[in-house]
Structure formats: structure tokens, C-alpha cells
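Dear colleague,

Please find below the structure that I am handing over to you. My notes on what was found in it follow directly after.

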Amino acid sequence: MNIHHVNKNFTVYNNKVVQGDFIAEVHPDGSMTSNYMSPVNIPQKRTIELKFSINQKDNELPFATNHQIVVKPENGIYNTPIIEFGNQHIDEQAGIDETLESNITLNVKLDLRKVFKAFDEKGYYEDINHDKITQKDFKGVFMAGNIAPLNFDFENLGENVQLKDEDGDHIYELSININTFDENKFVKPEWKLTKDISQYPQLKTDNELIQALYNMALEETKLLSEDDGTFRTGAKWAGVWTRDVSYATVLGLGIADTQRARHSLLKKIKRDRIIQDTGSGGAWPVSSDRTTWALAAWEIYLISGDELWLDYCYKVIKNTVEDDRIIVFDNNSHLYKGESSFLDWRIQTYPRWMDNTDIYSSLNLGTNLVHYQTLRILSQMAKLLNQKEDISKYSNWANELKTAINTNLWNQEKGYYNQYIYGRNYKFSSPKSESLGEAFSVLYDVADEKSNTVIENTPTLTWGIPCVYPQIPGIQPYHNNGIWPFVQTFWNLAVSKAGNNNALEQGISSFYRAAAMFLTNKENMVADNGDFMTALNSDRQLWSVAGNLGHIYKIFFGMNFKPDHKLYFNPVIPNSYQCKMELSNLKIRDKEFTIKVNGYGNKIQSFTVNGEKQTEHSVSLLGEGKVIIEIEMANNDFYGSTNVVANKFHIATPQAAIKNQELLWDSVQNAVKYEVYKNGKLLTTTTDVTKINLDETNGEYTIRAIDIVGDPSFISEPIYYKPQSGGYLSFNKYKCNKTVSIAGAPAGMIELSKQKNLDVEWNINIPEEGTYILFFEYTNGSGPWNTDNKCANRTLWINDQKTAPVIMPQRGTNEWANLGETNRIKTQLPKGTHHFKLTFEPENENMNVDTNSALLGKMKLIKL
């Protein structure tokens, strides 16, 4: 029996996967069985954890701090004591080692009187995140928890967990059945092919595991195929999502079903621009990775050779790129702003203090590499369409971006790229790895001679490559402490390109273990233990299915389409995975291919097309007919080291404040020292105190904690300290329509919409020449803080010069009293009177188009 991979947690054979007592096995008829059981099915203890949420936000207690309730039911019912909102309740017997009975009716009482007292006395309640909630903005209180059917997915808490106050005494109540059976905690015990998959490329191999998992992926492709000709996103998720279908198309669905992939992409166009359909605070421009669509559109062109498709996509991508150049390009760093590509659940990837404008202003590795590859593709499209000026224009933009990525994001000490650059008035690098971006740096030729360094140094785990490393403490697995099969596939593609046998064997095995044990292509898994019970998961997730197919098409067969209308081959097969493979019924344009590969290695010994040997390992896609390709590998060994590490959580982010000319912060567990920064520069390092005296100059302060091996926390939320007079200006005397139609709007705000105040002008006297940071107070209650598409955008002009975009993301549905601050704009201003203007320009259109509204407050200027 052939063994493909062995590590301390699992072993992959050619017909089964063994993980301790769990076995996933292929049977002679091609079916599979698995006895895998998630560790979450260990009997629940009596101590459960609860947390409450106003307006579906994690805003009651400090991060990862929960109420601990010991449930001792009588006749299947348990009544909690009255829990005061914002005051952690811990039962005396918390942690008791007793098993909880199933199907308990839990009656919960929550005291919200202090919240309503704050409404009456101050006009608002200030939550743990320092956001102000008015009584008008109060939409309800919800319960989260660690026991079925509860969860800690705060922004998706529904009516089933909403507490009610029927008698108006501000004691809210909820009755809910807990510790109930949840089918999502279990995997099906058997998979057997039941759908007709004959329309797709057919694989025949003597590796039974690969054969079964490929057929399973084709069946799931069929199940994801909707009647309207598109791909749905997953078993749980209907509809087409831009980045999901785009990455899936690139990985393998573009080959398996070119027409359906193309039709799905067409669903993601509006105004001849790509739609950013998901992302924090109103999608684009907080999230800016919609150009993943360009990667997929290019793949479809290379496969199909369709000139009309090329012409159409060129127009769409160019329009999108030109808008992005104005709104999300950072002229200082020459990088693009925006949320981490696909990592769009902000608490999973960013420090808790960062809001949506902070995320917009951050500079992420993966997102920038998507923009880079898009610019390269646009330049190549321009060449094919004879758009001579655009060839050099977009090529130059790409080259400039490549330089900026290597200049700003490369971490020489770690040997890979930093996760992102973040901060407020001053910027810092997060030295964590970000695996999708690390993979793209190799695949898209940004790392160049550093490619092997990236592959050998990026941290991986026995279960696979985590989305980020190290992890944020106190966050349930999803992106954080998570492994995603589609990311693993991109990593495996990068590894195969770099020629690293050890990393590729590990990566392929990690992917196949999960698919075999779960008997479906789940969206994600826990980095700690390889389990599928994360914060949110789904069977047959589109890009995971595509990753399964991509291992066959793009790694084992090494297929690569190029603009010269040829299909190139460069199979990369680890020694342990050597086998015979045949791919038939591969229909590309007017040709039908049968491809046979035998052996192992990353070099081809012989390449035969219809019985004739060729020195070039490619075949033309022009013409028609049947083509038989036979590839004999050189059976060469290729090596390379990997950085397999134990999973790690970095230490918590310090919480800082300034009182009486002292900078104070809470002690952080496992911190051996603290670094204090003023205006972006290290001011002091301290090991034994958690406060320092401040001098008499204005400045921005932040702190980060360092653990015993030198790994840092995130920086604390920056605090601007102003002991000196001057240097900080505030202004709200705008020339505009002052009437506000939004009920409950804070005093002094002005309404911006597509019908009102399209131009807002004002003059201000600058008392001293210098470099200033400019931003505005604003509110945007058009939608939730975590999704939707109504981010408000405007353009700032200074002295009739277009200066910068002003971004006003959503802060909560109908939360028009929830004040935030826009992105920071750095500008040089001489002494004297200056004319300012906010306008609505064509590039300020958001993804909703109809609603682009906010309330504008004071303009603020900080002199650096």
C-alpha cells in the first residue's frame, strides 16, 4: 500500500486517510466512507458561556470575555439569575466537571436598566468599544453563546436569539432550547457518485484516493450548477459572489465548465464596472479586491480565445482600474488601499480598534498582488487589442506597484512579506504572514529571486497553511486560526512553481485529508486541529471544489494557457504521489484532448502529440479534432525545505489611555516588554511598568506588547495628545443646504446625498505653514457596519486642486447618531486662507449607486 504523506496527525495512503481512530477509505466501487467525528461532539459541560449584543455587535464586555453560567436544570428547565449588561457574571461553580443534559429550556433575564438610564441622562449609552448608541438607534439586544444553537457570530444574530421586554421594566428575557442536536456538527458517513458527470473532463488513475476525490468534486460542481447557467457559491450560499467565482474560475472551474464560469462572471458587472459585492462597511472602497474578476476573465479568454469577450472585458477592467486609481491608490506608498482579499470579517484579521475607515486606509499584501496582476493583464489585453498607449501605461503602473510591494511589505528578518500596513496618522507594519498574498507573490513573479525564500519561510502547520500566522487570541476559528482549501491550492501552485517537493507533498496531502475525512469540499477548517467546526462553514464550497479540480489540471497535469493560443504543460508530481493518470473528454475550443501522464518529478522526459515527439511541451488550440498527448516524466527528485511550526497565538493588543499627562495601559499576559511609539517612532521600551510620563508636545501615541520570543501584538489604538495650543483645528461652517431630512440626526451635521449638497464649499485660515492631517466627523446609517454596498464617497478639493477621496463607510443600519471619522488625508498647507470643497464625482459612485449618503460633521486638521 503506497503512502503519500505521514506526519504526527495523519497519514495519506493511495486509497485511504488515517487520522488517529478516524479512517476515510475508498471502496472498490469508487465510493468513500468516513467515521470522522468532530471534537465539538464531546459532551457539553454544565458551564456555558453567554454574551449579549446591542444591535448585533460585540459590544457588551471586553474582547473574549463572557458570562459563565452553570446550568443545573430541573425538569429540563433552567432559569438564569438576572445578568446585568456590561458586568461579567461568573457562577460560583463555574468550571464544574459535570456533563450537561440535552434539550434544556434556558430562560435568560438581562438587566438593561443602566443602558436606558444613560439614554435618559446623557442622551446615549457608550459601549465597550466607545461607540455611542442613542435610544433611537437601539434596535434590540441579542444573545450569543458557545452552545448549540447559539454562536458568537455577532453580526448574524437573528430574531431567534433576540431578548424582549414585554412589560417595559428594561429587564429583557429570552427562552431558548440549548444543547440541541445540530446536524452541522456531523459529517455524512458515506459518499457515492449519484450524478451524471460525463460532461466534464474525465480522470482515470490508479490512485484510488485521487480518483474518488476528483469524481466527488465533479459531482459537487454539478450540484453547484444553477438553472440560470451560473454557479452558486456553496451548499448554504445561493448566488454568485465576485471573488468566490473569480478565484474558483482561475483554480479549475474555467477549465471544467468554461461557459458557466463565463456566465457567472457576467453577473458581476454593473455600469461596465466590476461589482464589489462583499466587504466591510458598504463594500467598495473599504474592500477593493473586486479586480479578482480580471484574473478570471483573463483565464476565460486564454481558454476560449473569444475576441468579443476580450474586447468587453478590457472595457470593464479598464473602467474599474481607472476608478480604483483615484479612490484606492495611495500616492505616498504607491500601494493600493483596502481590506485583505477574501479576509473580510474584520475581527478575524484586524485589531479590534480598527474601524472601516482604518481598514480602507490599510495596505494589504494579497489585495495589492491582485491589483498588480490585474494591471499586468490589462497591459496584455491592450497589446492584443492594439491599444498602444495603454500597453505602456498599465505596464508602468504594474512595475511601479511591484517595486512598492517589495519596498514596503518585504520582511527581511522573516523571509516573507508582511501582512499589511496599518495605523492612523502614522503607519506600522504587521509582521504576520498572509498565505494567499505569499502565494501570489510567487505565482505573479513579484518575489522573483526571493520565491524560494518565501516558500521555505512562510509558516505552515501539519493541517495545512493558515490564512495568517500567528493568530489573534480570543477569536473563534474562521479566517483567524483557519485553513482554507482554496488558499491551500494557490499555495500548492506556488510551491509547484518554485519546485519544492516537500512543501508540495505536505500541501497536497493537507488538502486531500480534509476532503476525504469530511466527504465534501468544506470551505474552511480549524488550524489548531484540522476540524470543520469553525464560526461558519459550508459543504461543497465553490472555490474549495475548484481547488480540488485545480490539483489535477494545474499541478498533476501542469496545464497553463497563454495568449499565443497554446496550451502548455509542466506537471509537478512529488515522488510519493507518482502514478498513472489519464484525462479525457477535455474540450477546449474546437478540440478534444486526451492527456496521459506517467511518473514523477518536475521535468518532462518525453512529450508526444498524436504519436509524434515534440521538444516544446505545448499544443496549439487552433483548428479542430481530437488530440492525444502522452507525457513521460523524468522521475527526477526535487527538494526544498518547509517551515512547519506549531500553531501560535500572538499576545493581546494593549488597551491604552492618557490621564493627567501619563500614558497608561493594561498589563498584557505573557508580555515581557512594551514598545511605546510617538508619531510613528519608537519613544521608549519598558519591561516593568505600564505607564510613562508625557512631554509637553503634541503627538500620537501607540503601544505594542512583545512576547518572550520577540513576536509583537497588534499596536494599540493610536491616541492623539494635545497639551499645546495650536496645531489642531476644527471647522464646520460650510456653505451648503443646512436642512437635514434624516430624523434623529446629531446637531450641526449636514446631509450629503445624490440629491442634496453635491458640492460643499468653505474657506479656512491656516495660521501656520506645515504638513497637516485632515479628516471629517461623519455618520452613515445606510446599512450595517460589516456588509452591504452603501459606503458614501466624496472628493476633496483644496484651492481648486483635486486632492483625495473622502470615504464614509456604513456604521450601522439607521444608526445616524453613531459618529465616526473619515480616512486621514495628508496635505501640505502654507499659511493663509484656503478654499476647500467636497464634490460628488463619477468615480465616487459606490456599488449601490442609488444610495450614496452620509451626514457630515466637523472638519479637523492636525499639524504634524
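Lys318 is partly exposed, with a relative accessible area of 25%; buried means under 20% relative accessible area, exposed over 50%, and partly exposed in between (1.4 Å probe, protein chains only). Its salt-bridge partner is Asp390, and the closest N and O atoms of the two are 2.9 Å apart. A salt bridge here is a side-chain nitrogen of Lys or Arg within 4 Å of a carboxyl oxygen of Asp or Glu. Asp390 is buried, at 8% relative accessible area.

Please note that this is a predicted model, in which local features need pLDDT of at least 70 and side-chain atom pairs count only at pLDDT 80 or more, while totals for chains, interfaces and linings use all residues. Residues are numbered from 1 along each chain as its sequence is written, and side-chain values use heavy atoms, with hydrogens and water left out.

Salt bridges

Side chains of opposite charge can pair when their charged atoms come close. By the rule above, the count comes to 43 salt bridges. One of them joins Glu101 to Arg46, with the closest N and O atoms 3.0 Å apart. This pair links distant parts of the chain, 55 residues apart: Glu101 is in the loop between strand 8 (77–84) and strand 9 (104–111), and Arg46 is in the loop between strand 5 (32–34) and strand 6 (47–54). Helices (H or I, at least four residues) and strands (E, at least two) are DSSP runs, numbered from the N terminus. Glu101 is partly exposed at 36% relative accessible area, whereas Arg46 is buried at 10%.

A further salt bridge is formed by Glu717 and Arg424 (3.2 Å, N to O). Glu717 lies in the loop between strand 45 (699–706) and strand 46 (719–721) and Arg424 in the loop between strand 24 (420–423) and strand 25 (427–430), so the pair ties together parts that are 293 residues apart in sequence. Glu717 is partly exposed, at 33% relative accessible area, and Arg424 counts as buried at 12%.

Cavities

A search of the whole structure finds four cavities of 30 Å³ or more. On a 1 Å grid over the protein atoms alone, a cavity is a set of points where a 1.4 Å probe fits but cannot get out, and lining residues have an atom within 4 Å of a point. Grid points are joined across faces, edges and corners, and a volume is the space filled by probe spheres set on the points. The largest cavity has a volume of about 90 Å³.

An enclosed strand

Five of the five residues of strand 12 (residues 141–145) are buried, so this strand is largely enclosed by the rest of the structure. Val141, Met143 and Gly145 cover one side, and Phe142 and Ala144 the other. Strand 12 pairs with strand 6 in the antiparallel sense over five bridges; two strands pair if DSSP finds at least two bridges between them. Strand 12 also pairs with strand 13 (residues 162–163), again in the antiparallel sense, over two bridges.

With kind regards

Definitions and conventions. On a 1 Å grid over the protein atoms alone, a cavity is a set of points where a 1.4 Å probe fits but cannot get out, and a pocket is an open set with protein on both sides within 12 Å along at least five of seven lines; lining residues have an atom within 4 Å of a point.
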